[in-house]
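Open the model in your viewer and keep the selection panel at hand. The stops below are meant to be taken in order.

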Amino acid sequence: MRLLIVALLAAITFSAAAQQGTETVRALTVTVGANHAPPYRIIQGGEPSGLYVEIFKEITARLGWKTHYREVPFRRVLNLLQKGEVDVMLGARETPEREAYMTFVVPAFPADRRLFLYFDDANRIERYSDLYGKTIGVLEGSTYFRKFDNDGQLRKEPAPRYENLMLMMEKGRVDVVVVPELIGIYTLRELGMPVKISPFFVPGERSWIAVAKASPVLEYEDDIRAAFKLIEAEGIYEDLVLKYLDQYAQ
């Protein structure tokens with residue numbers, strides 16, 4: 001009998017720990033604003049998937065939330081967050097401008113290098129200074145790293161999708177495209193282009209689950225953090241990251 005009591009107490013303790021920070025969360029339907037950016041966010045062609053989506057799915061499962069994905073271009077996601085028309089953005093980089101209308105709740109997504117892609121060898125980037133004089137394709141509304149984002153001497157050409165930027169580079173409208181590593185590798189495989197990767201790259205930084213300051217979801221930011229810690233402790237986070245790195249990383 002004593003052993004049975006000990007076992008029951010252990011089970012109760014484990015259950016309480018597993019639900020810590022989530023037991024008082026009311027059921028919500030969370031609207032996520034997301035651009036189609038495989039393999040992070042695969043929004044088109046069926047049930048949403050991708051690394052960021054799968055991580056967030058594990059978090060919301062522990063909170064008892066449902067999710068609805070609204071697919072729009074990247075810049076439009078930011079506009080919808082400002083207006084409070086979507087609740088959450090997956091993979092936002094923290095900037096002072098964005099802090100005015102979104103709260104960066106947890107850095108849930110792994111760092112990803114910024115690569116510089118090119119066709120013509122004359123556009124190979126070996127150091128940062130090689131970017132001057134080049135026309136650089138960038139995702140509209142996106143940020144990459146502080147020096148690059150704030151460098152007014154660089155000539156940048158925006159487009160709503162990375163596929164558009166690759167096609168622009170193929171046609172000679174841009175010389176170089178800067179892209180997060182896994183998105184770049186995925187896009188090149190899909191398009192089958194003989195694009196080259198410059199030796200120069202910039203280390204990435206972890207990106208965030210961000211919640212609109214106008215959203216009722218913000219009330220549960222501590223619960224989102226607690227649920228994220230649970231999936232880290234359970235090894236689920238590491239398994240998901242390794243799954244996508246094995247599939248797409250060089």
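**Whole chain**

Start with everything shown as a cartoon, and keep in mind that this is a predicted model. The protein chain has 8 helices and 10 strands. Colour its 250 residues by burial, and 49% of them come out as buried. Among contacts in the protein chain with a separation of 6 or more, 71% join residues 24 or more positions apart.

**Helix 8**

Select residues 236-248, which form helix 8. How far apart are the end C-alpha atoms of helix 8? They are 19 Å apart, and this agrees with the 18 Å that 13 residues should span at 1.5 Å a residue.

Now show the side chains of Tyr237, Leu240, Val241, Tyr244 and Tyr248, the buried residues of helix 8. They lie on the same side of helix 8, because they cover an arc of only 95 degrees around the axis.

What covers the buried residues of helix 8? The cover includes helix 2 (51-63) and strand 4 (102-109), along with helix 6 (181-191) and helix 7 (221-233). Colour these elements separately before moving on.

**Proline 38**

Next, select proline 38, in the loop between strand 1 (29-34) and helix 2. Is proline 38 buried or exposed? Its relative accessibility is 3%, so proline 38 counts as buried.

Proline 38 and tyrosine 186 are 148 residues apart along the chain, yet their C-alpha atoms are separated by 6.7 Å.

**Cavities**

Rolling a probe the size of a water molecule over the atoms shows where empty space is left. The structure holds 3 cavities of 30 Å³ or more.

The largest cavity has a volume of about 210 Å³. To find it, select Tyr40, Gly91, Arg114, Ser142 and Pro180, which are the closest to its centre of the 22 residues that line the largest cavity. Its lining has 11 nonpolar, 5 polar and 6 charged residues.

For the second largest cavity, select His36, Ala37, Arg161, Tyr162 and Glu163; of its 13 lining residues, these are the closest to its centre. The space in the second largest cavity is about 80 Å³. Helix 5 (162-170) and helix 6 each supply at least two residues of its lining. By class, the lining of the second largest cavity has 8 nonpolar, 3 polar and 2 charged residues.

**The largest pocket**

The last stop is an open space. The largest pocket has a volume of about 430 Å³. Which residues are the closest to its centre? Select Thr95, Glu97, Thr143, Asp149 and Asn150, which hold that place among the 22 residues that line the largest pocket. Then highlight helix 3 (74-83) and helix 4 (146-150), the elements that give two or more residues to this lining. Colouring the lining of the largest pocket by class gives 6 nonpolar, 7 polar and 9 charged residues.

Note on methods. Residues are numbered from 1 along each chain as its sequence is written. This is a predicted model: local features need pLDDT of at least 70, side-chain atom pairs count only at pLDDT 80 or more; totals for chains, interfaces and linings use all residues. Side-chain values use heavy atoms; hydrogens and water are left out. Helices (H or I, at least four residues) and strands (E, at least two) are DSSP runs, numbered from the N terminus. The expected span of a helix is 1.5 Å times one less than its number of residues. Buried means under 20% relative accessible area, exposed over 50%, partly exposed in between (1.4 Å probe, protein chains only). The arc is that of the directions from the helix axis to the C-beta atoms. Contact means heavy atoms within 4.5 Å. On a 1 Å grid over the protein atoms alone, a cavity is a set of points where a 1.4 Å probe fits but cannot get out, and a pocket is an open set with protein on both sides within 12 Å along at least five of seven lines; lining residues have an atom within 4 Å of a point. Grid points are joined across faces, edges and corners, and a volume is the space filled by probe spheres set on the points. Ala, Val, Leu, Ile, Met, Phe, Trp, Tyr, Cys and Pro count as nonpolar, Asp, Glu, Lys and Arg as charged, and the others, Gly among them, as polar.
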